[in-house]
Amino acid sequence: MPLKSVRFITWLVALFLAIPVLVGLVGTLLPAFHYFPPLGEYHFSLTSWEQLFQNNEFYTSLKLTLITGIIAPIIALWIALSLLAWGYQRAFFEKIEKLLAPILAIPHAAIAIGLLFLLSPSGWLMRLFSPWLTGFDRPPNWITVQDPYGVSLIFALVMKEMPYLLFIMLASLHAIDARKSLEVCQTLGYKRLTIWRKVLIPQLYPIIRMPIFIVIAFSLTVVDLAIVIGPNTPSTLAVTLFHWFNDPALSTRFIASAGAIALVIIIALVMLGWELAHCLFTRLTKAERSNGKRAGLTDYFLRLGVVLGLITLSSAFISLIILPIWSLTRRWRFPDVLPSSWTLSNIERAYPVLLELSSNTLIIALVATLIACLMSALMLETKRLTKQTKNHPFDWLIYVPILLPQIGFLFGLHVLLIQINLNGTLTAIIALHLMYVLPYVYLSLKGPYLAYQEDYLMQANRLNNRPWFNYFFIKLAMLKPALLTAFAIGFSVSIAQYLPTLIAGEGRYGTLTTEAVAQAASGDRKQVGSMALLQAFFPVFVFWLAHALPPRWTKWRLAIYLRVKKCYKQIPTNS
Amino acid sequence: MLIIKNFSLSLAHKTLIKELNVQIDDGQVVSLMGPSGIGKSSLLNFLSGTLSPGLNAQGEVFLNDVAIHNKTAQERRVGLLQQTPLLFPHMSILENLSFAIPAKVKKCDRLERAYQALERVGIKDKANATPEQLSGGQQARVALQRTLLSEPGFLLLDEPFSKLDPALRREVRAFVLAEIRKANIPALLVTHDAEDAKAMEGKCVDLVAAE
C-alpha cells in the first residue's frame, strides 16, 4: 500500500482500537462505584460492592465460574497435547487435522445445542441404549445436562477449545523444529510420548501461551454456551451478570457493574495463578526431564488424554449429525433410535423466520468481516513500513477485546451507543462484531502478509507505476489464499457472536445465533435444530470456499476471459 | 548512454566502494564483478532508487546526459531483472507481458506487442498458460521480455542467470545479449560468474575491497 504518514495512521488505528475498549471499561467502572448520570447518580460510593459481597448468588455463581473456567482449559490443553503427541506425523492424524478447521468454524452454540440433543435424558445417547439395556420406556428423571456442577458445560467448553488449541499447536510446531527433535531423541532410545513430555511440550508452551489465555478468558466469561448447556439458578457468574444487567429494575445495574469489574479481576488472577502454577510445574518436572529414563509412568497421562480426546471429537461429530436429523423429523418417540417419520414441513414452516434470521446474520457477518479484512491489511502494511517488528502497539492492542469479558464492557459500551443514538441499529451491531472479528482476521493474516515477497510488488511498480492498482491486483491478489482463509475465520467468528448482537441490537435484529440460544431451552427441537444447522452450515460453506477457490481461481478466470475478450481471439494462438 | 560518476559507498564509516566511474553505451552490457558484501547490489539499488537508508552513497548518474540520481525510482525508467523471474503467478503469460506495456498503447496494439514478445521467446502456444507451467529458462526469457516491454531507459541485471542450470545458462545469456542489442539500451550486469561477464562481450569492472 503506498501509504504516507505511517505514524499518523498507526496512531489513528491504535486510537480506533483503544477507544471502544476504554469507553466500555469506564462505562462499567463508573456505575460499579455508583456514578451513573442516566439514573441521576452523581456521587461515588461503595454500596454496589457491599451489595455484591452480601449477595449469595454472587458466591455460588463465582464458584461455578471458577470450577468450569479453570477445569475446562486444563482438560482442553491436556487432551490437545495428548492428541498431538500421539498422532503427530502419522498418516491417519492428517485426516483429523483436516477436520479441525470445520469444527473450529462451527459456532459453539450450534455444537452446544447438538450436545444438548445428545446428552439430555431424552437425547440420542439414551435412545441408543434404551430400552434394551437401560429398560427405560420414557426418559429418566436424571439431570444429565445443565447439571448443577457444570460438568456438561465443561464438556462443551472442552469440545470447543480443544480443537482450537490443537490447531494453534500444529501451526506453531514448525517454529520449534519438532521433527528434528523427534528424530534425535528417537535415536537416543526415547519413547514417543516421553519425547513430547520431556522435550517438545516445554518448548511449545511459551509459543501457545497467548492462545491458552484466550481460552481461559473464554471459559470464564462465556454466556451463550452457559445459557444453553450450563447450570441454571445458580448459573455461572457471566450468565448471572447478564440477568442482572437485563433486570427491569435499573438499579440492579450497579451491582451488575461491580460484578463485571470483579470478573475482570478474576480473569487476571486466574491467569496469574496459571502462570505461577506453570512455573512451579516446570521446577518440579525439571529434574525428571534429564533423569535419562526413556519411558515413564506419566506417559499414561498422555495416553488417557488421547482416549478422552477421541471421545470428545466423536461426540462433537455426533452432536452435529443430530442437528439435521431433528430438523427433518416429524415423529420421534422416545426410545426409537431414529425418527419414525420424516418431513420437510419443519423447514417449510420455519422458512420465513429462517430467511430473515439468515439474511440478518449474513449481512452482519459479510460487512463486518470485509471491513476487518481491509483494516487488517492497512494495519499490517503500516506495521511492515515501520519495520518495528517487536511489540508493535497493534500486536497487543488487538488481544484486549478478546481477553476482556464481553459481559461488563459491552454494557458499558451500550451507554455510548445510546448517547450517539446508534443503539438498536444494524450499524451498531456491525461495529461491535467488527471489534471481535478484527483480532482473529488480523492474527490469521499476519504471518502470510508479512512473509509476502515484496519484490513482486516492487517489480510491478517498476514495470507499470500504478501503486494502488498494483497493491490490490498484484499483492492482495497474490495473497488470495491467506485473505480468503482470514475472511472465513472472521466470518465464522461473526456468525457465532451472541452478546454483541443482543446488546447493540437491543433485540431488534435477531440472528441465527441469538434465536437458537434463546429457543434452545424451549423444547421445540425441530425448529432449534434447523436454526443450529444453518448456523453451522454457513461458516463451513465459507471455509470450504476459502479452501477450494484459490487454486482454481486463475484457471477459471482465464477460461472466462478467453470467451469474453475479443482481442484475444483476433490473434490466433496457433499460427 | 548511462554514465556513473564518482560513485562511493560506505556503511558505518567503512568505505566499500570508492569513486567508481563507469560509462555504458547503448546496446552494450558492462559486467560488474567482485566478492560478496562489496556493495554490488547496493550500487544497483542506488541506480534504481531503492537504496536502504542505512547505507551512505554518493555519486552522480546520467542517462543520455540527463541527471537521474535525484529522481524518484518511478521517474528513472529503470528496468531490473533479478535472480528470480518474479512473474506474477496469478496472471497468464500474456497478461504478465501486457502488464508492462505503457498505458498509452491502446488495447489491441498491446496484445499484438505482447504476442510479438512471446514469439521472440518462442512460446506462442503458451500465451494463456500460467508462469508455473513454464520451464526455468522460459520464465527467465519471459521476464526479460516483460522488462523490455515497459520501455526502460536502461537495464540492470542482478545475477539473472545464477538460478539456471549450466546448459540453459549459455542459451539464456545469448538471448539476453541479443535482445539488449535489439532494444539498444545500456545495461549493467552484476555477477559472480566470470563466464557471464565474458558472454556479454562488453567491458568488465572488477570491484576490489577499498582501503
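This is a predicted model: local features need pLDDT of at least 70, side-chain atom pairs count only at pLDDT 80 or more; totals for chains, interfaces and linings use all residues.
Me: What makes helix 12 of chain A largely enclosed by the rest of the structure?
Reply: Helix 12 covers residues 237–245, and eight of those nine residues are buried, so the rest of the structure largely encloses it. Among the buried ones are A:Leu237, A:Phe242, A:Trp244 and A:Phe245.

Me: Why do strand 6 and strand 9 of chain B stand at the edges?
Reply: The open sheet of five strands in chain B goes 6-7-8-3-9, with parallel pairing. Strand 6 (78–81) and strand 9 (204–206) each have a single partner strand, so each has one side without a neighbour in the sheet. From one strand to the next, the twist averages 20°.

Me: How do you know that strand 7 and strand 8 of chain B pair?
Reply: Pairing takes at least two bridges, and four bridges join strand 7 (residues 154–158) to strand 8 (residues 187–191) in chain B, so they pass. B:Leu157, for one, has B:Leu189 as its bridge partner.

Me: Which strands does helix 5 of chain B touch?
Reply: Helix 5 (residues 166–183) packs on the sheet and touches strand 3 (29–33), strand 7 and strand 8 of chain B. Its direction makes about 165° with that of strand 7 of chain B.

Notes: Residues are numbered from 1 along each chain as its sequence is written. Chains are lettered from A and ligands numbered from 1 in the order in which they are written. Side-chain values use heavy atoms; hydrogens and water are left out. Buried means under 20% relative accessible area, exposed over 50%, partly exposed in between (1.4 Å probe, protein chains only). Helices (H or I, at least four residues) and strands (E, at least two) are DSSP runs, numbered from the N terminus. Axes are lines fitted to C-alpha atoms, for helices over the stretch in contact, and angles run from 0 to 180 degrees between N-to-C directions. Contact means heavy atoms within 4.5 Å.
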